[in-house]
Amino acid sequence: EGAPTGKASRASTTANSLQLSVGEVNILAVFRKYLMTPGRMLCLNNTDIGTMKRSLDKLTAAGLLIPEEFKGSYSLTRSGFNAMKELN
């Protein structure tokens, strides 16, 4: 009991019935770690951006993140904030 089920490479959240990859969940966890709220810019480490690019692009396309003008910076949308809050 309590063991995760389903594909190991996928994590789920109930926010808007989204299916988020592990990479996408990990990015939202970074926003959660820093107690980010919608519209607050978070600067990500440039060395990590390359490995996170695909997940960042997917989160942006899903309307959960907004890329900011400052290189490597993103902010949460309201939907992104709600998805982040639902992470375990």
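## Overview

Of the 88 residues in the protein, 35% are buried. The model is predicted. It holds three helices and five strands. Read from the N terminus, the elements follow the order β-β-α-β-α-β-β-α.

The protein exposes about 5,800 Å². Carbon and sulfur atoms supply 52% of that area. Take the contacts between residues at least 6 apart in sequence: 56% of them join residues at least 24 apart.

## Confidence

The mean pLDDT of the protein is 83. A score of at least 70 is reached by 81% of the residues. Among the elements, strand E4 (residues 65–67) has the highest mean pLDDT, 97. Strand E1 (residues 10–12) has the lowest, 43.

Residues 1–16 stay under 50 in pLDDT. For this stretch the model has 23 contacts beyond four places in sequence. Where pLDDT is low, the predicted coordinates should not be read in detail.

## Helix H1

Helix H1 covers residues 22–33. Its 12 residues, at 1.5 Å a residue, should span 16 Å.

Which residues of H1 are buried? They are Glu-24, Val-25, Ile-27, Leu-28 and Phe-31. These residues lie on the same side of H1, because they cover an arc of only 160° around the axis.

Arg-32 also lies in H1. With 37% relative accessibility, Arg-32 counts as partly exposed. Leaving aside neighbours within four places in sequence, Arg-32 is in contact with Met-84, Lys-85, Leu-87 and Asn-88. Arg-32 and Leu-87 are 55 residues apart in sequence, yet their C-alpha atoms are 8.8 Å apart in space.

## After H1

Leu-35 follows H1. It sits in the loop between H1 and strand E3 (41–43). Is Leu-35 buried or exposed? Leu-35 counts as exposed, because its relative accessibility is 66%, and the cut-off for exposed is over 50%. Its phi is near 55°, a positive value in a residue other than glycine.

Helix H3 runs over residues 78–85. Its buried residues are Gly-80, Phe-81, Ala-83 and Met-84. They cover an arc of only 165° around the axis, which puts them on the same side of H3. What covers these buried residues includes H1 and strand E5 (73–76).

Asn-88 belongs to the segment after H3. Asn-88 is exposed, with a relative accessible area of 99%. Along the chain, Asn-88 and Val-25 are 63 residues apart. Their C-alpha atoms are separated by 9.8 Å.

## The nonpolar core

The largest nonpolar core has 21 residues. Which of them touch the most other members? They are Leu-28, Phe-31, Leu-56, Leu-65 and Leu-76. H1, helix H2 (46–61), E5 and H3 each supply at least two residues of this core.

Leu-76 shows how far such contacts reach along the chain. Residues up to four places away in sequence are not counted here. Leu-76 touches Leu-28, Phe-31, Met-36, Thr-37, Pro-38, Gly-39, Arg-40, Leu-64, Leu-65, Phe-81 and Met-84.

## Strand E5

Ser-73 lies in strand E5. Ser-73 is buried, because its relative accessible area is 1%, and buried means under 20%. Beyond four places in sequence, the contacts of Ser-73 are Met-41, Leu-42, Cys-43, Ile-66, Pro-67 and Glu-68.

With 9% relative accessibility, Tyr-74 counts as buried. Leaving aside neighbours within four places in sequence, its contacts include Phe-31, Arg-40, Met-41, Leu-42, Leu-44, Ile-49, Leu-56, Thr-60 and Leu-65. Ile-66, Pro-67 and Glu-68 are in contact with Tyr-74 as well. Tyr-74 and Leu-44 are 30 residues apart along the chain, and their C-alpha atoms are separated by 7.8 Å.

Methods:
Residues are numbered from 1 along each chain as its sequence is written. This is a predicted model: local features need pLDDT of at least 70, side-chain atom pairs count only at pLDDT 80 or more; totals for chains, interfaces and linings use all residues. Side-chain values use heavy atoms; hydrogens and water are left out. Helices (H or I, at least four residues) and strands (E, at least two) are DSSP runs, numbered from the N terminus. The expected span of a helix is 1.5 Å times one less than its number of residues. Buried means under 20% relative accessible area, exposed over 50%, partly exposed in between (1.4 Å probe, protein chains only). The arc is that of the directions from the helix axis to the C-beta atoms. Contact means heavy atoms within 4.5 Å. Accessible areas come from the Shrake-Rupley method with a 1.4 Å probe; for residues, only the protein chains shown count as cover. pLDDT is the predictor's confidence in each residue, from 0 to 100. A nonpolar core is a set of buried Ala, Val, Leu, Ile, Met, Phe, Trp, Tyr and Cys residues joined through side-chain atoms within 4.5 Å.
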